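Hello,

Here is the model we talked about handing over. My notes follow below it.

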Amino acid sequence: MTSPDAVRAETITITGHGGDEIEAYCAVPLATGSRGGVVWIHHMPGYDRETKEFVRRLAVSGYHAVCPNLYSREAPGADPDDAAATVRAAGGVPDDRLVGDVAGAAEYLRNLDGANGKTGVIGHCSGGRQAFLAACSLQLDAAVDCYGAFIVEDPPEGLPASMRPILGLASDLSCPMLGLFGMEDRYPSPDAVAKLDAELNRLGKDHEFHSYDGAGHSFFSVDRPAYRVEAALDGWQRIGDFFAKHLEG
Amino acid sequence: MCTYLTEKIDVDGSGKGATGWFAASQATVYVDHPVHAPYGHTVNIDVLNPALGPSARVALELTEETALALADAIHRAVASAPAGLASKNQTV
């Protein structure tokens, strides 16, 4: 019998926005079973080792998980930090391309053996904003926004056009949403989080937000000084419960 | 936080990156998370040549104090040399 925590994790190619073939990192349990799928959106520093660890963690938890390399087009095969610098210099990832890449990753997940047809999305940092964007643009079953900025607030002057606020899309949110934030964060600030919460309440959108005292931006990042163990442990528990509720079956 | 805001300028010169020397054409400066420096945020400076690919990059991640000190040091070094000695229009 295959161990329930045995996974296969590897780089694959998926069809992203505009029919482009893009790199992605995929992790799936080896044991057979009915599986929900999760698209992981990497943070602005890129498709890095720590993000791939998140993807493997989801597979160990029983999900099919895929993280598209959003910088695949500009920097194929490059080190993640070089790729991130290249895309930053070029103005960032356009919103429509992000949606197309997530749609491609979701389609890949739905076609895997054992897929139950339910698909979630999760992202940290810029990926948190993009998880919200994807959930407002695609038909999904669960979305997790970990401290995504510039959903609500006006960005600093000079920001690329790709980073404009997207609160106006909230009425199109297609699925329940979990939001995890730090009270010490400035982007998004507690005020911006409160505005997003209020708008989702006004629209009657199913969501739950948790903001952690003593945590700032990037508190899930075990490789950065911003890591906050209590917030991260509680956050992972909530992510697990949320996906179990909405993606299993 | 990710500031996203990036100062970008054209540059003229060379840099030495992971694959050796290359002709530099662009530099970006931004405040964001570092990859390696042991801080939450740093002033990140990339000297690039996009035409040569993502690996044509010299990267710095400096605290704001040392980034500003570096800028001052550049000004002092240039000021201490004869005017135009390192200019694009220098006499060789």
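How much area do chain B and chain A bury between them? About 2,000 Å², with 64% of it on carbon and sulfur atoms. Buried area here is the accessible area (1.4 Å probe) that two parts lose on being put together, summed over both.

First, the ground rules. This is a predicted model, in which local features need pLDDT of at least 70 and side-chain atom pairs pLDDT 80 or more, while totals for chains, interfaces and linings use all residues. Residues are numbered from 1 along each chain as written, chains are lettered from A and ligands numbered from 1 in written order, and side-chain values use heavy atoms, without hydrogens or water.

**The interface**

Chain B puts 22 residues into the contact (heavy atoms within 4.5 Å). Chain A puts in 26 residues. Three salt bridges link the two chains (a side-chain nitrogen of Lys or Arg within 4 Å of a carboxyl oxygen of Asp or Glu). One of them pairs R57(B) with D82(A), whose closest N and O atoms are 2.6 Å apart.

**Helix 1 of chain A**

Helices here are DSSP runs (H or I, at least four residues), and strands too (E, at least two), numbered from the N terminus. Buried residues (under 20% relative accessible area, 1.4 Å probe, protein chains only) in helix 1 of chain A are E50(A), T51(A), F54(A), V55(A), L58(A) and A59(A). Their cover includes strand 1 (7–15) and helix 6 (229–247) of chain A. Just after the helix, G62(A) has a positive phi of about 105 degrees.

Best wishes

Conventions. Buried means under 20% relative accessible area, exposed over 50%, partly exposed in between (1.4 Å probe, protein chains only).
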